[in-house]
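Hi there,

Here is the structure I promised to pass on to you. Have a look at it first, and then read on for what turned up in it.

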Amino acid sequence: MRRSLRLAPILVAAWTVAGAGGGDERTAPDGEWNLLLVTLDTVRADALGVNGNAAAATPRLDALAASGVNFTRARSPVPLTLPAHASLLTGNLPPLHGVRDNGSYRLSDEELTLTELLRQRGYRTAAFVGSFVLDRRFGLAQGFETYDDRTWSEPAELESLEAERRGEEVYAAFARWLGGYSGAQPFFAWIHLYDPHAPYVPPEPFASRFADDPYAGEVAYTDRVLGSILDAVAARGLAGRTVVAVVGDHGEGLGEHRESTHSLLIYNSTLHVPMIVAAPGRIPAGRRVDRLTRTLDLAPTLLDYLGVATALGEARSLRAWIEPETETRGGEPDPVYSESLYAWLHLGWSPLRGLETERYRLIEAPRPELYDVVADPGETVDLAAERPDDLRRLRRRLAELEEAFPPPVVAAVRRELDGETAARLRSLGYLSTAAPAGRADVAIDPKETIETWERIQQGIALFGRGRHAEAAALFESVLETGGPLPLAHEYLGASYMALERWEEALDAYRRALAAGVDSVRLRLDLARLALGRGEVEEARRELERALALDAASVEALHLSADLERRAGRAARAERLYRRALEINPDYLYSWNGLGMLAAGRGDGEAALTAFRRAVAIAPGAAEPTFNLAVQLERMGRLGQARAVYRRVIELTAGEAQSEPRHRAAVDALARLGARSMPPSDREEHR
C-alpha cells in the first residue's frame, strides 16, 4: 500500500502567441491540462534577473515569472540532488521519504509520487534527466512510462568519466518524445537540467561572455535551453493548456560561509532556490509570493491547478497565497525544515538540521546558530547568544517536529554502490560511503572544519581532472589532520588505483579499514589488487565480503561471475551474471560474460545475442565488439565478421596492444577470400 503522510514582457507575449499560433487558443478545463516540470540543478534564487540580479542573462526565466507567479522565498529541504527531487515528487521531507543522500539511498516503491497520481488519472508520463544521480535505480522512475536517464555516450563513462549530459541533449530527448505525443491524453513531462553543477564549463558563446563568472554562464545557457523547451511546447499548440513549473533543487555556496559548492552546510545560499509557476488563463500573471515557502509544496499546488487533487505527502497547496482574493484558507507558512547528513555519512562529523520561520532561522549543530532572516537574509550575524529565548523556542519546535521522524540513517535502508555507480558519482564529486559505525565524532561541527572540507573538495576536483598524483598528495595531507574522514580515505585509495601504484593503494585501504572505514567500493578494489598479485582465493574472499555488505552490488556480482567462469563453474557464473543484469540491465560487461559462457558451451546463437546486446548498449565498447566479430567468424558468417572487425579497428586505432591483433584477424579473413563465404554472406558483402 502506498504511503501518504500528512504532517520580459516581449518574451511573455512570444510564448503566448506561439501557443495560440499553434491553433489551440482555448483554456483547458480541469483534467485536460498538461504539466511541464523543469528542475534546475544547483541554481540559486539570486542567479535570476527577476530576483534582482542585474548581471544575470535569464530572459526566459524572467519572462516566465512575469507570466505567472514567482515564489521569492522558496526553500529546498536539503542541498543534495536526489533527496531534494524525492521531496519534490512525494511532498515529503527527507526523514519521511527516507532518501537522505545521493547514491546510497533509493526511494521506496511504497512512497506515493506526483507521477503515480497523474498516471492513475490517465496522464502520459515522461522524464528526461541530465545526471546519473537521478538514474532509475534510485527510485524516482516509478510512475513514468518513459524515463530517459541515458546520461552516458561512451563505454568508458560507465567507469570513471562524465556522468551527465548537456541541457541541449536533454532537450533533444524531450523534443523527440514530444514529436510522438498524440495529444489524446494530457501529459506530465519532467525535465532535469544539470549544467549549473560544478565544474562550471559553459559552452560558447556563454564561456566567453561570462569568462569571469562561469557559474553565471552555465545558468545563462540553461535559460536558453529552457527557452527551447517552451518553444517546442508552443510549436505543438500546447502552450494554452500546459501548466509550467520551474524549480531549483538546491543552490550553490559560491564562497558564502566559506562553502564553494554545496552538500555540507545548510545556509540559505544552498537552500534558497527559484520557484516559478505559470499557465495562461489559469494562473494569474505577474504575481509574487514573498512569504516563506517550501519546494515540497509545489506538487500539491500543481495538482490543485490541474484540477486533479491536492493531497500528497505532508505538503499542502500554495494556491491560497497565489490568489488571496479568491481563496479563504492559507494561514501562517509552515516552518521550513532542512537537513544535511553529508558530514556524518562521508566525513564522520555532526549532521546538521535546521528550522526556519518567517522571521528566524535555526541551524542545529554542536554550536547552534540563530539568524534574523528578515533583517539579515545572508545569515551573517549569529544571534544565538543575544536571543537565547528565541533560540530555545526554535530548538524546542525542531525537537517536536523530529519526534515524528524515524531515527536518521539507521531507519532508512542504505544501499552500497556497484562500481559503475560509484565511478559515476565519484566523477561528479559524490562518492557515497558508510560513515564508520560508532566512530563518527558528532561533536565535530562542520562549519568549524570547513577548511578541511574545502581541501577535500580541491582533491575531488583534481581527481576529476585526472590529476591523480596531486589528488593523492592532497588526500594524504588531509588525513594527517586525524578523524575518520571516510570520503578522503576512499578518494586516496582510488587515486592510487588510477595511478597503478598498487602497493600504495593497498596501504591506503588497509589504513581505511584500521580507521573503521569499510565499503563495497573498498572491498572491490582490494579484490582487484589481490587478482593483480595472482591471489585468486584472496580476491574471492574480498568479493564475498563485498556481497556480505550488499548482496545487490552489480560489480561484486559480475567480478564473482568472472572468477566462477574462469574456474569452469559455468552454471554458477551464469546465475551471477544474470543477477547483476536483473539489477542493472545495461551492465554491458555481464552481457559480454554471458556471451563468453555461451560461446564456451557451443551455443553460437545465444553468444551472438549476448554480444549484440552489449554492443547495442555501448557501440563504442571494443571488447564485446571484438567478441561479436570472433563469434561471427566461428559461425562462418565471414562478411558480417569482416565488417565488425573493421569497426573494432576503428575503435582501437592507435592502441599498441589491441590494434595489431584486430588487423591480423581482418587480414586472416581477407586471405580466406570471398569463395569461402557462405552464399548469404557473399550476397551481403556485395
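R521 and D525 sit four residues apart in helix α18 (residues 520-532), so about one helical turn separates them. Their side chains form a salt bridge, with the closest N and O atoms 3.1 Å apart. Both R521 and D525 are buried. Please keep in mind throughout that this is a predicted model.

Helix α18 also takes part in a link to another helix. E555 and R528 meet through their side chains in a salt bridge, at 1.8 Å from N to O. Because E555 lies in helix α20 (residues 554-566) and R528 in helix α18, this pair ties together parts that are 27 residues apart in sequence. Are the two partners buried or exposed? E555 counts as buried, at 2% relative accessibility, whereas R528 is partly exposed, with a relative accessible area of 31%.

Elsewhere, salt bridges with shared partners join six residues into one network: R73, R75, E356, E358, R361 and E379. Another pair to look at is R467 and E470, whose side chains meet in a salt bridge of 2.7 Å, N to O. R467 is partly exposed, at 34% relative accessible area, and E470 is partly exposed too, at 39%. How many salt bridges does the count come to? The count is 57.

**The chain as a whole**

To put those pairs in context, the chain has 686 residues, and 58% of them count as buried. There are 27 helices and 13 strands in it. The accessible surface of the chain is about 26200 Å², and carbon and sulfur atoms account for 51% of that area.

**An enclosed helix**

With 10 of its 10 residues buried, helix α3 is largely enclosed by the rest of the structure. The buried residues run from T81, L82, P83, A84 and H85 through A86, S87, L88, L89 and T90. What do they pack against? Their partners are the strands β1 (34-40), β5 (187-193) and β6 (242-248), together with the helices α4 (94-97), α5 (114-120) and α9 (298-306). Just after α3 comes G91, which takes a positive phi of about 70°.

G68 is found in the loop between α2 (59-66) and β2 (69-75). This glycine counts as buried, because its relative accessibility is 0% and the cut-off for buried is under 20%. Leaving out residues up to four places away in sequence, G68 touches V277, A278, P284, A285, G286 and R287. From the C-alpha atom of G68 to that of I276 the separation is 7.1 Å, although the two residues are 208 apart along the chain.

S495 has its place in helix α16 (residues 486-498). S495 is buried as well, with a relative accessible area of 0%. Which residues does S495 contact, leaving aside its neighbours within four places in sequence? They are F463, H468, A471, A472 and F475.

E544 belongs to helix α19 (residues 536-549). E544 is partly exposed, at 48% relative accessible area, a value that falls below the mark of over 50% used for exposed. Between the C-alpha atoms of E544 and S560 there are 8.3 Å in space, and the two residues are 16 apart in sequence.

**The second largest cavity**

How much space lies in the second largest cavity? It holds about 40 Å³. Its lining is made up of L292, T293, R294, D297, R316, L318, W321, P333 and D334. Strand β9 (residues 287-294) supplies three of these residues, the largest share of the lining. Sorted by class, the lining of this cavity has four nonpolar residues, four charged residues and one polar residue.

Best wishes

Key. Residues are numbered from 1 along each chain as its sequence is written. This is a predicted model: local features need pLDDT of at least 70, side-chain atom pairs count only at pLDDT 80 or more; totals for chains, interfaces and linings use all residues. Side-chain values use heavy atoms; hydrogens and water are left out. On a 1 Å grid over the protein atoms alone, a cavity is a set of points where a 1.4 Å probe fits but cannot get out, and a pocket is an open set with protein on both sides within 12 Å along at least five of seven lines; lining residues have an atom within 4 Å of a point. Grid points are joined across faces, edges and corners, and a volume is the space filled by probe spheres set on the points. Helices (H or I, at least four residues) and strands (E, at least two) are DSSP runs, numbered from the N terminus. Ala, Val, Leu, Ile, Met, Phe, Trp, Tyr, Cys and Pro count as nonpolar, Asp, Glu, Lys and Arg as charged, and the others, Gly among them, as polar. Buried means under 20% relative accessible area, exposed over 50%, partly exposed in between (1.4 Å probe, protein chains only). Contact means heavy atoms within 4.5 Å. Accessible areas come from the Shrake-Rupley method with a 1.4 Å probe; for residues, only the protein chains shown count as cover. A salt bridge is a side-chain nitrogen of Lys or Arg within 4 Å of a carboxyl oxygen of Asp or Glu.
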